[in-house]
Amino acid sequence: MENEEFDVIIVGGGPIGSIASLLLSKKGLSVCLIEKNATPYPFPRGIALNGFTMGVIEELLGEKWPDFDYTTAIEVGYVLGKDRMNEPFGKMQPPVIEGEILDLDHYGFINWFNQPQLERLLRAKIDDDGGIEALYGHEALVLWEDEKNYITIQNNSTGDTKTLSSDYLIGADGGGSFVRKQMGSELKSLGKSIHFLIVDINAPRSALQPGKEFDAGGHQIIDPDGKRPTTFLLCEGINHGTYKNTFRFEFALNKNDDHAKIQSPDSIKKLVSPYLVPDEIKIVRSTIYKFNSLISKEWRKGNMFTIGDATHQTSPFIGQGLNLGVRNTLNLVNKIDLVSKGVSEDRLLDRYQVECFPDSEFIIKQSLFMGGLLFNVKPHINLIRGIIHRLNGARGKPIDLFPAFVPETITIPNGFKPKKSSQKGYPMYNYKTEEGLPRSLRTYNPTKYRILCKDSSGDVDGLVQEIPASIQPLVISLSDGKNGKKTSGTSLVSCQRDEDLKMHQKLFKGVDYVLMAPGYTMLGTYTKGQEKNMISDYLSMFCLV
Ligand SMILES: Cc1cc2nc3c(=O)[nH]c(=O)nc-3n(C[C@H](O)[C@H](O)[C@H](O)COP(=O)(O)OP(=O)(O)OC[C@H]3O[C@@H](n4cnc5c(N)ncnc54)[C@H](O)[C@@H]3O)c2cc1C
């Protein structure tokens with residue numbers, strides 16, 4: 001190794017550390033990535049990514065993006081029992097607009113992927129990058145902060161140790177984070193831990209038991225009789241799959257389950273037999289996980305930070321652990337870039353936790369809430385579900401759970417107080433592409449700061465040009481299309497169903513501009529004449545006023 005001083009050292013080369021290193025290197029910073037394992041963890045953990053994360057990965061993988069296997073989910077059903085798969089009481093399904101499924105031509109609300117494949121592609125990209133010193137098979141053992149951050153690492157094959165230094169040090173070293181512990185940051189519990197048996201199966205579609213066929217998606221089965229709430233996912237769609245023959249089961253474990261015995265191949269075959277013909281399956285892996293709902297109390301100490309599972313761990317019910325990590329990592333990377341280049345003052349780095357904590361806490365709690373709702377087999381909850389089912393699902397009209405899973409907009413505590421009435425309009429806003437396909441605004445450049453303008457952006461375009469290029473927001477004009485306007489460039493026209501037009505009205509009720517941070521965080525709403533206030537508020541986000 002020639003260089004022992006870096007702009008940034010990252011401990012942990014799982015998905016989040018790898019993504020952080022590529023993002024930082026793209027900004028021109030020198031990065032050292034320290035990962036104790038020589039090869040990526042070989043078994044799938046996360047299998048669902050949202051559109052935001054897909055956008056980040058597409059940009060990072062560049063020419064390797066076509067190698068990334070994924071399938072966009074088109075349905076997830078919530079059913080009372082394993083024999084009632086075809087009569088869900090609730091369904092999470094994106095809307096079909098003029099015969100086209102929302103976002104399906106691109107990537108949608110859930111995209112099934114294979115975490116080991118993603119980690120391999122990220123490592124290949126890091127190898128090609130040139131700006132990242134990747135030290136696989138090296139473990140961080142000691143760290144301290146003086147003028148700079150210092151870290152002593154050990155080469156796991158030779159036992160040799162050496163000390164490196166950097167301006168910034170980031171712990172992306174997972175739930176048991178060494179960096180977080182050395183920073184002295186404690187974890188806050190947001191709910192009970194739960195145990196699940198996770199099983200990945202390789203089998204052809206023909207292995208599905210009669211009555212269990214469905215398209216790319218899954219079922220969450222409450223199973224009050226067997227008391228074994230189960231998630232059953234099929235990652236390959238009938239007409240649009242790329243990730244072949246993959247099934248994921250997540251079985252809730254009861255207090256009395258024998259953890260060792262339940263993992264035997266015979267036991268697993270018995271557990272999956274209501275869904276798949278046991279003779280046709282190959283068990284790829286089975287692991288028992290304890291899912292925590294934890295969040296670190298301090299995300300920064302001096303110039304040390306944590307990201308990913310080192311900062312927050314969530315239950316799997318809405319598949320957000322990795323997604324959350326990616327969103328927050330992007331936030332921190334942008335801030336380190338601006339501070340290290342002297343665009344913003346150091347205090348900008350304090351805003352990493354201020355901006356990301358509320359959203360992260362909300363998502364962890366939302367996941368627990370969904371888990372409680374879906375996996376609670378207490379008699380009175382079953383009764384309520386049964387009544388709802390009789391009123392809805394049993395008549396062939398399941399409750400539409402799609403909006404419940406689409407993240408709501410959220411305001412950060414010291415954001416600029418957007419009106420409550422406009423807060424939920426953004427993620428459910430649907431527009432048509434130039435080709436006439438329906439897309440959700442939440443998947444439109446979600447990694448950027450955006451100003452959503454009602455009808456015309458004319459009064460803000462000039463003001464935005466005066467903002468330093470590295471932080472200029474994307475200006476988007478949104479029209480209801482009543483005057484026959486069509487989407488072109490950054491001028492997007494709403495889909496024309498009644499609910500889409502209502503959403504347009506809701507988003508702009510009493511306002512002409514909606515200022516959005518990356519992801520779903522709404523910063524403020526403004527009317528015509530307040531353009532300069534809006535830009536001033538925006539600059540304050542970067543400690544520039
Ligand atoms: C069964 C399961 C299902 C899940 N489903 C989803 C899902 O559908 N969607 C979703 O978004 N998320 C999901 N998740 C969560 C997701 O997998 C994690 O959030 C993600 O892996 C966290 O990435 P990370 O890089 O922060 O941590 P990790 O993947 O844990 O990586 C940390 C890395 O740090 C290294 N390391 C640790 N200590 C040191 C040290 N001292 N020195 C050097 N290296 C070190 C480790 O070897 C490891 O490679 C799921 C998780 C599980 C277990």
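Is E361 buried, partly exposed or exposed? This is a predicted model, and the count of surrounding atoms gives the answer. E361 has 17 other C-beta atoms within 10 Å. A residue counts as buried at 20 or more such atoms and as exposed at 12 or fewer, so E361 is partly exposed.

E361 sits in helix 7, which covers residues 351–375. Setting aside neighbours within four places in sequence, E361 is in contact with L190 and I295. T314 lies 47 residues from E361 in sequence, while the C-alpha atoms of the two are 9.3 Å apart in space.

The whole chain can be described next. The protein chain has 13 helices and 29 strands. Its C-alpha atoms fill a box of roughly 70 × 60 × 40 Å along the principal axes. For 545 residues, a compact globule would have a radius of gyration near 24 Å, and the chain agrees because its own value is 24 Å. Of the 545 residues, 46% are buried. Among contacts between residues at least 6 apart in sequence, 69% join residues at least 24 apart.

Helix 2, residues 51–61, is a case of burial. The buried residues are G51, F52, T53, M54, G55, V56, I57 and L60. What covers them includes helix 1, helix 3 (115–129) and helix 6, together with strand 3 (48–49) and strand 9 (111–112). Just after helix 2, G62 takes a positive phi of about 55°.

Two of the elements that cover helix 2, helix 1 and helix 6, also meet one another. Two packed helices are described by the angle between their axes and by the distance between those axes. For helix 1 (residues 15–26) and helix 6 (residues 321–340), the axes come within 10 Å and cross at roughly 30°. Helix 1 is roughly parallel to helix 6 because of that angle, since angles under 35 degrees count as roughly parallel. The crossing of helix 1 past helix 6 is right-handed.

Which residues of the two helices meet? From helix 1 they are P15, I16, I19, A20, L23 and L24, and from helix 6 they are L322, G325, V326, T329, L330, V333 and I336. The residues of this contact divide into 11 nonpolar and 2 polar, with no charged ones.

Note on methods
Residues numbered from 1 in each chain as written. Predicted model: local features only at pLDDT ≥ 70, side-chain atom pairs only at ≥ 80, totals over all residues. Axes fitted to C-alpha atoms, helices over the stretch in contact; angles between N-to-C directions. Helix = DSSP H or I, 4+ residues; strand = E, 2+ residues; numbered from the N terminus. Parallel < 35°, antiparallel > 145°, perpendicular 65-115°, else oblique. Left-handed = near helix turned anticlockwise from the far one by under 90°. Contact = placed C-beta atoms within 7 Å. Nonpolar A, V, L, I, M, F, W, Y, C, P; charged D, E, K, R; others polar. Rg over C-alpha atoms; globule rule 2.2 N^0.38 Å.
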